[in-house]
Amino acid sequence: MTKLLMLIFCALLAGNAGAESSFFKQFKDDYTTLDQDLLNNPGEVGTIRDFVYQKDVLTLTLTEGQIFFLRYVNNRPTTAIFIGKGKATIAVPSHVERQSLIYASGDSTVSNEFEICFLRFADDFDILLKEKFPLTQKMLGWKDFTVAKQAQGEFFFRPVIGHTYDNYFELLRSCYERSADGFFFCDFNRYTYIFDPNRPEEVIVGYEKEGGAAQITDASVFQRQEHAIYDDSLMSSIPYLNTIVSQDATLYLSGAEGNNIDSAVAALSLQVKRDSARFVNVFLHYNLDLDSVLLGDERIDFHRRKDFSCVGLILPTYHRRNDTLALKLYYHGKNYLSPLPYTADPTPAPCKVTLVAPKDFNYVVAGMGTPEEIGKGKQKIVCEPSQPITMLQIRSYAKSYTGVEGSSLSGLSLTFLKSPQITKKNFDCFVPDEIYQPAVTGALDFAAARLGNPPNAFAMSVHPEGNISIPGHAEVSQVYCLRDGTGGIQLVAGTEMGRQWFGPSARPSTDRESWLADAAALYLGLMYTQNSISGSTFYAELLYRRDVLITELDRQRDQPLATGDRVADSVRVYKGAWVMHMLRQMMFDLEKRSDRVFMKFLQELSSLINTGTFTNADFIRLAEKHAGIDLDPFFAVWLYGVGVPEFDVIYTIVPQGAEWNVNVSVTTTKVPESFTMPVTIQVGSEDGTRQFLRQTVNGKQTSFVLGPFTSQPKEVVFNEFASILSKDKVSKGKG
């Protein structure tokens, strides 16, 4: 870093320390109040009976008992403890979130009696209660304090690592704008309920899925009732509170690999998308330390807890809908995933990033220009992606790497980066170049031949250390322990190359679409395995993922894909890959044995997700266009639902004059009564012929007749080509 930059940076930090406003000083005092110990805390107490409070989808009934009000901000309580008899009911309005609630708590609704309930609030709860019941001044005594502590009613509210938002900040900002619409939290038994008007989806129903867990499970997340967003296909219509319009950043890099940020400044144009705002949330990776924030030329206050990505900006005055805030964030750090600030809204925006880095260190960034030497062992690289992006990623590697040019039939230039540390001598599972490089090149050619050039086509670099592939850079591990009967390096190479079409350049509308890019990349890798090794290997890999999913289901860890990042990676990616496979089977031409329709679907899918924001509903419409049928029943199970069907199949071969029929009976369990899916069946006859047929399995019990066949059938394969993700038991009955 230059001396001039250091001086500027130190001046900014010193200025920020002295620029703390009187409002922020009060804010910090009030923030401390929210965490006061409860013992001997002054407050109010009252005896209440039959008090009913409605907060969106929560109905809280305090039948009889005592209530304590504590921790006052602006002469209003922010905490309440109820000890007595009560009941809470929550009616989750959407199908997909009811399915998610079942995953967490085992039930699709909440109706729970309790003897103690904790509340944190910034609405009119205290006023409504005081209108009905007299309260007196009283300290919280040892007996009641002990009951409260044993119940751990505030444990999941406290801001701890793993929370997306700082609950104290959210409560306090609502306290300053106190209204009936304000923040409300309650904890009863193993449930928590949050209504926060300052989050994109205001209602969160939480559950302590594992006893003694350090973190609550977000069982259901959805918008408030008045928005009336109940249809599964509309859940991605989320009213984000602010969005990045454009971003221009300069990063000063150092470190052994050239990826430490000595200092950075990111200029954001941030658009306000709510009626009024003085408190604004932005995010910065928790390993990056935020030093100072400017609004225009004015230094402003901000609040951020250590190890939190969320940053609460406190604006000097209120701003209105469609106002654009010109912000500058100054920060530094290392071991980050993305180097730039972001918001909850994943809408892509134009981005320009200038890297000032050690000379001869190498970087791969979308839209990277030619490095320019600027003296003193430094280089400047301007990166300006041609398309708007959601989150910029940078890959750096030290100058000790060398490049080996590869040949690609697709016409794309390909460079294999080689590290002297990654060799057969140093690693038992080292994949030699004569296997590694053809596998990678073949994967690129396989995808390009079917999907065309990648959406961001430019020189391709292949890094031997596995990580997350980004446009123009495939990170294919060269240290991979090959397993007999599996896809091995071909599957790894195919998946990572698949990320050039389905990966970080995708533009999901919300995190509810997060499953798609990873799942499509994996399935492209599986298809490459099928093409380059064998069909049996392809199915072995596919069925391995089925078995993992069934194990997760048996452990009650299955969640709807459309609940987004809440879904465990193994479920999200593996079930997503199976969704792609089942769509392929429904589009497969059984007569011609052709994948032409599915490949056309993949081409259009790549275009859809990379050229504009997309929702799950857009994906469904595209799939229906190519399948030529209504796929609502399919996606109700596989995208918005849970469960993997178990089929108990009995077939009998019955003579019918000079011909034969096959009578099939299917009993289906582990899925809803409304389950319906086409299944592919192979019938092999005595004369060596094979016929492939489709039949629809409906509900819990399905019977159908196959035939007539002119040659006697000798073998019936139910669920041929693994056309349905399922667990099958097939037996032959007596004819």
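Buried means under 20% relative accessible area, exposed means over 50%, and partly exposed is in between (1.4 Å probe, protein chains only). The model is predicted, so local features need pLDDT of at least 70 and side-chain atom pairs count only at pLDDT 80 or more, while totals for chains, interfaces and linings use all residues. Residues are numbered from 1 along each chain as its sequence is written, and side-chain values use heavy atoms, with hydrogens and water left out.

**Exercise 1. Find Lys 376 and decide whether it is buried or exposed.**

Step 1: go to the loop between β20 (372-375) and β21 (378-383), where Lys 376 has its place. Helices (H or I, at least four residues) and strands (E, at least two) are DSSP runs, numbered from the N terminus.

Step 2: check the accessibility. Lys 376 has a relative accessible area of 84%, so it is exposed.

Step 3: look at the backbone. Phi of Lys 376 is near 55°, a positive value in a residue other than glycine. As background, most residues other than glycine have a negative phi, and most peptide bonds are trans.

**Exercise 2. Which residues does Leu 58 contact, leaving aside neighbours within four places in sequence?**

Step 1: with a relative accessible area of 0%, Leu 58 is buried.

Step 2: now list its partners, where contact means heavy atoms within 4.5 Å. They are Tyr 53, Ala 88, Thr 89, Ile 90, Phe 184, Cys 186 and Tyr 193.

**Exercise 3. Is Thr 217 buried or exposed?**

Step 1: find Thr 217 in strand β9 (residues 217-222).

Step 2: at 18% relative accessibility, Thr 217 counts as buried.

Step 3: look around it. Not counting residues up to four places away in sequence, Thr 217 touches Tyr 103, Ala 104, Val 205, Gly 206, Tyr 207 and Lys 209.

**Exercise 4. Describe helix α7: how many residues does it have, and what do its buried residues pack against?**

Step 1: α7 covers residues 433-451, which is 19 residues.

Step 2: compare its span. From first C-alpha to last, α7 reaches 27 Å, close to the 27 Å expected at 1.5 Å a residue; the expected span is 1.5 Å times one less than the number of residues.

Step 3: pick out the buried residues, among them Tyr 436, Val 440, Leu 444 and Leu 451.

Step 4: The buried residues of α7 pack against strands β23 (402-406), β24 (414-418) and β25 (460-463), and against helices α8 (488-498), α9 (514-532) and α12 (596-611).

Step 5: step past the end of the helix. Gly 452 follows α7, and its phi is positive, near 80°.

**Exercise 5. How do α9 and α12 pack, and which residues meet?**

Step 1: take the axes, which are lines fitted to C-alpha atoms (for helices over the stretch in contact), with angles from 0 to 180 degrees between N-to-C directions. For α9 and α12 the angle is about 145° and the axes are 12 Å apart.

Step 2: on the α9 side you'll find Leu 516, Tyr 523, Leu 524 and Met 527, which meet Phe 598, Met 599, Leu 602, Leu 605 and Ile 609 in α12.

Step 3: sort these residues. Ala, Val, Leu, Ile, Met, Phe, Trp, Tyr, Cys and Pro count as nonpolar, Asp, Glu, Lys and Arg as charged, and the others, Gly among them, as polar. The contact of α9 with α12 divides into nine nonpolar, no polar and no charged.

**Exercise 6. Where is the cis peptide bond?**

Step 1: A cis peptide bond joins Gly 707 and Pro 708, with omega about 5°.
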